[in-house]
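Hello,

Here is the structure I promised to pass on. Please have a look, then read my notes below.

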Amino acid sequence: MANPNLQDIHDFLVGLARQAAGMITSANPATVDTKKNSSDLVTETDKAVEDLISSSLKSEYPDYSFLGEETAQSGRLTDAPTFVVDPIDGTTNFVHAHPYISISLAFAHKQKPLVGVVYNPFTQHLYTAIKGHGAYLTSPKIPLSFPDEGLRVESQYEKRKLPLRSPPAPLPDLSNALIAVEYGNERYGNNWDCKISTFSALGRDKSVDGAMVQSVRSLGSAALNMCSVARGDLDLYWEGGCWAWDVAAGWVIVEEAGGMVVGGNKGEWTPKVDGRRYLVLRAGAEKALVEEFWGKIQGRLVYEDTD
């Protein structure tokens, strides 16, 4: 098998994301099913978009593997060249017409993400990265003037290198940080208790052994949380319970923007893409900040399929 041409793969994935976008923006998610529980949703559009993407990839790259959220038998990556796909990352947002969802497309080889494409079809923000070639955001430009009544506004786009602020601002400690966290769909037991206790520790005043972070955000899409870290407008993102298809594309985008991905538990400096627990930091964050965050985690995140 010839070595993958990452630029060709990147360009093909960008085209697929734009093609799938029309299916999402024109959909009315009337049929909503649950998977694990009422917070774990899937729609006919999720399935249709994955069908489109998987059939297109298998036609263009028949020798490569495919790991998609709606069809995967397990969440584990192998060393084979693999497309890792979440057709709609943020299905709950999609069902509620909250416009923060993304099409998350990645290419991985030997369990390392090499190409990432994340596209929000509602905001038309396109995040892309190729390993070793930087990360970029392509988005609509805000018009400086408006045409006369009745004339059409033509969209113009600009492509900017990530992070958007260069050089990135220093981040001395968690008390200066805006962080992202998510509930996830596991709402009882060890991992839920660990999350809720950690959320409290992160927000508490330093006088009672808290981190006193400036605030928290939850975009409802792991890929968009990671892309916001890559942009530099979120400082950290702590997650447990995601799968490879949620994070693979964002992973390479973050790293190519100068950020880092470590494990969601203390001491996990070299996490696996399918490890299901992650701490993501923007460019400018130092390893000391990782240690500070790990020190505030109340317990450990444990997932049976990875531990």
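Keep in mind that this is a predicted model.

I began with Leu137. Leu137 sits in strand β8, which covers residues 135–140. The residue is buried, with a relative accessible area of 0%. Tyr119 lies 18 residues from Leu137 in sequence, and the C-alpha to C-alpha distance is 9.7 Å.

Next, the cysteines. How many disulfides are there in the whole structure? The search finds zero. A disulfide needs two cysteine sulfur atoms within 2.5 Å. For Cys194, the closest cysteine sulfur is in Cys242, 15 Å away, so a bond is ruled out by distance. Cys227 also has its closest cysteine sulfur in Cys242, at 13 Å, which is too far for a bond. Both residues are buried: Cys194 has a relative accessible area of 2%, and Cys227 has 0%.

Last, strand β12, residues 236–240. Five of its five residues are buried, so the strand is largely enclosed by the rest of the structure. Both faces are covered. Leu236, Trp238 and Gly240 are on one side, with Tyr237 and Glu239 on the other.

β12 has these strand partners:
- β10 (residues 178–180) runs parallel to β12, joined by two bridges. Here Ile179 is opposite Leu236.
- β14 (residues 277–281) pairs with β12 in the antiparallel sense, over five bridges. Here Tyr237 has Val280 as its bridge partner.

Best wishes

Conventions: Residues are numbered from 1 along each chain as its sequence is written. This is a predicted model: local features need pLDDT of at least 70, side-chain atom pairs count only at pLDDT 80 or more; totals for chains, interfaces and linings use all residues. Side-chain values use heavy atoms; hydrogens and water are left out. Helices (H or I, at least four residues) and strands (E, at least two) are DSSP runs, numbered from the N terminus. Buried means under 20% relative accessible area, exposed over 50%, partly exposed in between (1.4 Å probe, protein chains only). Two strands pair if DSSP finds at least two bridges between them.
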